[in-house]
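I'll jot down what I look up, one entry at a time.

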Amino acid sequence: MKYRIVHFMPDFVSGARYPIAALLSNAEGTRVVRSTHLPGPSCLGSKPRAAAARLVLESIERSVEFERVPLGAGPHVVLGEIRPVPSAVEDVEEWLHSLLGPSELGPREREERSRQPQLRSRGWRFFESWHVQSYVRKSFDPARDYRGWLADQAAALSSITHWVPGRERVMLMEPIYPGRDSLKADLEEVGQRLMAYHDAISRASSSVAPAHKELIVYVLKGGAEDVRLEAIGKLEDALPTPEFSVVDTSNLPRTTSFLENIRTIGATASPDLFTSDS
Amino acid sequence: MRIPYSLFPQSIPRVGPLVDLGLFLPNSTNCATAVCTPDGREWVRKKETDSGLQELLAEGVAWLFAKILGISMPEAAVNLSSPPEGSSWLSERVDAVVAWNPASADHLLNPGEVGAMLTLDLILHNQDRHDGNLLLQPALDDLHLRALAIDFGNSLVGYPTNLDQAGLAVPSVDRHLRGLPLPLLQEGALTAARTAADLSVQEIGALVDDPCSIVGYGSTLQGTMVQALHRRCQAAPTLLPIYLQRLEERDEQ
C-alpha cells in the first residue's frame, strides 16, 4: 500500500504548498482521503483561492489518478512523492489525517467554514444560472403562502426551500448537493420534510388549494459520481412517482423539461399567492 | 454601429528577459514552465524549441481573435530570444483557477464567452479543448465562476496549408470536454460567429500579420492563412449549429 500527498500551490513564485488530501493506492485501486479541514482564505490569502482549493479537491475526486495529476485538476495541484504506508499503521485513514493536519478546527476555520455556500444558496444559484429565478420564490411558508392553503397543518410543517407559485399549480422544491459532507443527513431531512408535506396535502381541504401540487427534489451537479447516483437512487426509493419527482440536473433533457415547467407555471403566478418576503 | 476592429490590439506584447522559476507545470503535455519577468509578473511559458513555431503562431492568432470576439483569456506576450532557445509564448498566470469540471457548469458567470470560445475553436479548427484548457476562476465563492479559455496551440491555424485543405471541416469533438451547459452558451456562440463572419479579408490580414511575422512566415503562407480563415469566418454561423449539435450528441452518449 502506498500514498502521496496532494498539495495546493497558490502561486509559482513563493512555491508555498498546502496539503489538501492524500491519494491512497492498494490492490483495489486508488482513493482520495480528504484533509479534515482545507486551508481557508486567511491561510491562502484570498477567498477565491480558498474556493479554488475546494474545487480542486472535487476535481481530483471526480477523476482519481495516482501516478500523475489528473488533466482536469488545474495548475495549482502538485503531488508529493510516492511513499509506502508503514507496515505498523493499523488505521490508514486516521494516520493520513494526522499527516494532513490537526483534526480539530480552530475558531477562525470554524467561522470560515460556516461562510461556505449553504444548500439553499447552491439551489438558488442553479435557478439564477438558468434564468428562471424570477419565477422561483425562496422559502415556502405553509402558514401564509399560496393564500394559506396549508395553514391548518402548518404547525407540523417546516418551510420548503424553494417554490414556484402558479394559478392552478404549485411546485415545492428542495435542493440536494451530493458534494456536501452532510449528504446523508440532508437526504433524511429532505425526505422527511417532503413526506410530511405529502401527508398534509392529502389532508388539506382548503378551497384555495392549487389543483396540482408537485413535490420535487432537484439534485445539483457535483460530488463523486457513485455518491450522487446512490443519493438519487435513495431519493427515488423513498419518494416514489407520481407523488414526488427527483430531478437530476446533470441530465440535460430532464433539466430542460424541469426548467420549462418552472417557466410555464411561474408565468401564471399572481402576487396574492406569495407573501412579500418569500 | 459596427465596432472598428482597428481599436483592438493587432500585435502581441513583447516582454523579457525571463527568469525561470524551475517549475514544470502540472497538467502540462507540452513542457510548459513557470517564469517571471522583471516587473514581477508570472507567466506560463511554452518554448518554440519544445512546442514548435506552429503552436506559437496558433496561440498568437487565437489571442488576437479572442479580443475581438470577447473571450476572456489570460494576458499574453512573446519573448523573442535568439537561437538556440528560440521564441516563447507566454500566458500570464491567473490567480486561483481550477480546470473545467462539469459539476461547476451551473455556476458560470460568463457562459456567453464560453460559447464564443467554441466559435473560435470552430474557426481555428481546434480539437484540443479538454478539461485542462478551460479554466474557472472563483469570484469570491465557488458558486460564481468566471471561465477563461487557454491553449489554442494545437489548432490547425498553426499550419496554414492544412487549414486551407480542411476547407469548412468542423473539428472533431471526440476528446472535447464534457458537460457544458450548451443552451446557455448558444447565444454567445452565435453572436461571436456573426462577428467573425463580418470580418473582411483586410481585417483578418491585419490580425494575423504580427503572429506571422513573429514566426517568420512570408506573404504566401500568410495569404493562404488569411483566405482559409476568411472562408471559415464567413461560414461560422452555418457551421456552428452542426458543431453544437455534435457536442450535444456526444454528451448524451
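**Entry 1: a cross-chain pair**

I started with A:R122, which counts as buried at 10% relative accessibility; buried means under 20% relative accessible area, exposed over 50% and partly exposed in between, with a 1.4 Å probe and protein chains only. This is a predicted model, where local features need pLDDT of at least 70, side-chain atom pairs count only at pLDDT 80 or more, and totals for chains, interfaces and linings use all residues. For my own bookkeeping: residues are numbered from 1 along each chain as its sequence is written, chains are lettered from A and ligands numbered from 1 in the order in which they are written, and side-chain values use heavy atoms, with hydrogens and water left out.

Which residue does A:R122 form a salt bridge with? I found B:D142, with the closest N and O atoms 3.8 Å apart. The rule asks for a side-chain nitrogen of Lys or Arg within 4 Å of a carboxyl oxygen of Asp or Glu. A:R122 sits in helix α5 of chain A and B:D142 in strand β8 (residues 141-149) of chain B, so the pair joins two chains. Helices (H or I, at least four residues) and strands (E, at least two) are DSSP runs, numbered from the N terminus. B:D142 is buried too, with a relative accessible area of 4%. A:R54 also forms a salt bridge with B:D142, the closest N and O atoms being 3.1 Å apart.

**Entry 2: the whole interface**

Next I zoomed out to the contact between the chains. How many salt bridges does the rule find across the interface of chain A and chain B? I get four, plus a count of eleven residue pairs in polar contact, both residues at pLDDT 80 or more. A polar contact here is a pair of N or O atoms within 3.5 Å; within protein, one must be able to donate a hydrogen and the other to accept it, and residues adjacent in sequence count only if both atoms are side-chain atoms.

On the chain A side that touches chain B, α2 (47-62) and α5 (119-129) each supply at least two residues. The largest share of that side comes from α2(A), with eleven residues. By type, that side divides into 19 nonpolar, ten polar and eleven charged residues.

The contact (heavy atoms within 4.5 Å) takes 40 residues from chain A and 40 residues from chain B. Together the two chains bury about 3400 Å², 63% of it on carbon and sulfur atoms; that is accessible area (1.4 Å probe) lost when two parts are put together, summed over both. In chain A, the residues losing the most area to chain B are A:F12, A:L71 and A:R125, together 22% of what that side buries.

**Entry 3: salt bridges inside chain A**

Over all chains the rule's count comes to 29 salt bridges. I picked two helical ones to look at.

A:E230 pairs with A:K234, closest N and O atoms 3.5 Å apart. They are four residues apart in helix α8 (residues 225-238) of chain A, so about one helical turn separates them. A:E230 is partly exposed at 48%, and A:K234 is partly exposed at 45%.

A:E260 and A:R263 meet in a salt bridge at 3.3 Å, N to O. They lie three residues apart in helix α9 (residues 252-266) of chain A, again separated by about one helical turn. A:E260 is partly exposed at 44% and A:R263 is partly exposed at 29%.

**Entry 4: a buried Asp in chain B**

Is B:D210 buried or exposed? It's buried, with a relative accessible area of 10%, and its place is in helix α6 (residues 201-215) of chain B. The side chain of B:D210 reaches the backbone nitrogen of B:I12 at 2.7 Å. Leaving aside neighbours within four places in sequence, B:D210 is in contact with B:Q10, B:S11, B:I12 and B:R14.

**Entry 5: a buried Thr to finish**

B:T119 lies in helix α3 (residues 111-124) of chain B and is buried at 0% relative accessible area. Not counting residues up to four places away in sequence, B:T119 touches B:A189, B:A192, B:A193 and B:L240.

How values were computed: Nonpolar A, V, L, I, M, F, W, Y, C, P; charged D, E, K, R; others polar.
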